[in-house]
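Trainee: Could you take me through one part of this model in detail, namely how its helices pack against one another? I would like a connected account that I can follow residue by residue.

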Amino acid sequence: MANIKSAKKRIKVIEKKTALNRARKSQLKTAIRRFEEAVVAGNKEEATQRFQYAQKRISQVASKGTIHKNAAARKIAKLAQKLNGMNA
């Protein structure tokens, strides 16, 4: 355990940030999973709505620094590819 006051504060701050990042990543994974379920079900309208929500959630998480912006772009591109694959 830390003895220095600033080190104790860092521990508290890191715990809060870790909890926030974990919650954000969980929301992100849930949004992606729901989109993929809609794609598998073949429901184009629902998949489009869930894609928009997932895209928004990914962008928000990237803007907060939880995931890298390039990782966010890659995830969005993969989801868009799956959505466009439903048309074919």
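Mentor: A definition comes before the first pair: an axis here is a line fitted to C-alpha atoms, for helices over the stretch in contact, and angles run from 0 to 180 degrees between N-to-C directions. Please keep in mind throughout that this is a predicted model.

With that in hand, take helix H1, residues 5-41, and helix H3, residues 69-85, whose axes come within 10 Å and cross at roughly 15°. Angles under 35 degrees count as roughly parallel, and H1 is therefore roughly parallel to H3. The crossing of these two helices, H1 and H3, is left-handed. On the H1 side the contact is made by Leu 28, Ile 32, Phe 35, Glu 36 and Val 39, while H3 contributes Lys 75, Leu 79, Lys 82 and Leu 83. Sorted by class, the contact of H1 with H3 holds six nonpolar and three charged residues, with no polar ones.

Turning to helix H2, residues 44-63, we find that H1 and H2 pack at an angle of about 160°, with their axes 9 Å apart. Angles over 145 degrees count as roughly antiparallel, which means that H1 is roughly antiparallel to H2. The crossing of H1 and H2 is left-handed. From H1, the residues taking part are Arg 24, Gln 27, Leu 28, Ala 31, Ile 32, Arg 34, Phe 35, Ala 38 and Val 39, and from H2 they meet Glu 46, Ala 47, Arg 50, Phe 51, Tyr 53, Ala 54, Arg 57, Ile 58 and Val 61. The contact of H1 with H2 divides into twelve nonpolar, one polar and five charged residues.

The remaining pairing to consider is that of H2 with H3, whose axes come within 9 Å and cross at roughly 175°, so that H2 and H3 are roughly antiparallel to each other. Here H2 supplies Lys 44, Ala 47, Thr 48, Phe 51, Ala 54, Gln 55, Ile 58, Ser 59 and Ala 62, and H3 supplies Lys 69, Ala 72, Lys 75, Ile 76, Leu 79, Ala 80 and Leu 83. By class, ten of the residues in the contact of H2 with H3 are nonpolar, three are polar and three are charged.

Ala 47, which has its place in helix H2, is buried, with a relative accessible area of 0%. Once its neighbours within four places in sequence are left aside, Ala 47 is in contact with Phe 35, Ala 38, Val 39, Leu 83 and Met 86. Ser 59, found in helix H2, is instead partly exposed, at a relative accessible area of 38%. Between Ser 59 and Lys 75 there are 9.9 Å in space, C-alpha to C-alpha, and the two are 16 residues apart in sequence.

Finally, consider Thr 66, which lies in the loop between H2 and H3. Buried means under 20% relative accessible area, and Thr 66 is counted as buried because its relative accessible area is 13%. The side chains of Thr 66 and Asn 21 are joined by a polar contact of 2.9 Å. Neighbours within four places in sequence aside, Thr 66 is in contact with Asn 21, Arg 24, Lys 25 and Val 61.

Methods. Residues are numbered from 1 along each chain as its sequence is written. This is a predicted model: local features need pLDDT of at least 70, side-chain atom pairs count only at pLDDT 80 or more; totals for chains, interfaces and linings use all residues. Side-chain values use heavy atoms; hydrogens and water are left out. Helices (H or I, at least four residues) and strands (E, at least two) are DSSP runs, numbered from the N terminus. Angles under 35 degrees count as roughly parallel, over 145 as roughly antiparallel, 65 to 115 as roughly perpendicular and the rest as oblique. A crossing is left-handed if the near helix is turned anticlockwise from the far one by less than a right angle, and right-handed if clockwise. Contact means heavy atoms within 4.5 Å. Ala, Val, Leu, Ile, Met, Phe, Trp, Tyr, Cys and Pro count as nonpolar, Asp, Glu, Lys and Arg as charged, and the others, Gly among them, as polar. Buried means under 20% relative accessible area, exposed over 50%, partly exposed in between (1.4 Å probe, protein chains only). A polar contact is a pair of N or O atoms within 3.5 Å; within protein, one must be able to donate a hydrogen and the other to accept it, and residues adjacent in sequence count only if both atoms are side-chain atoms.
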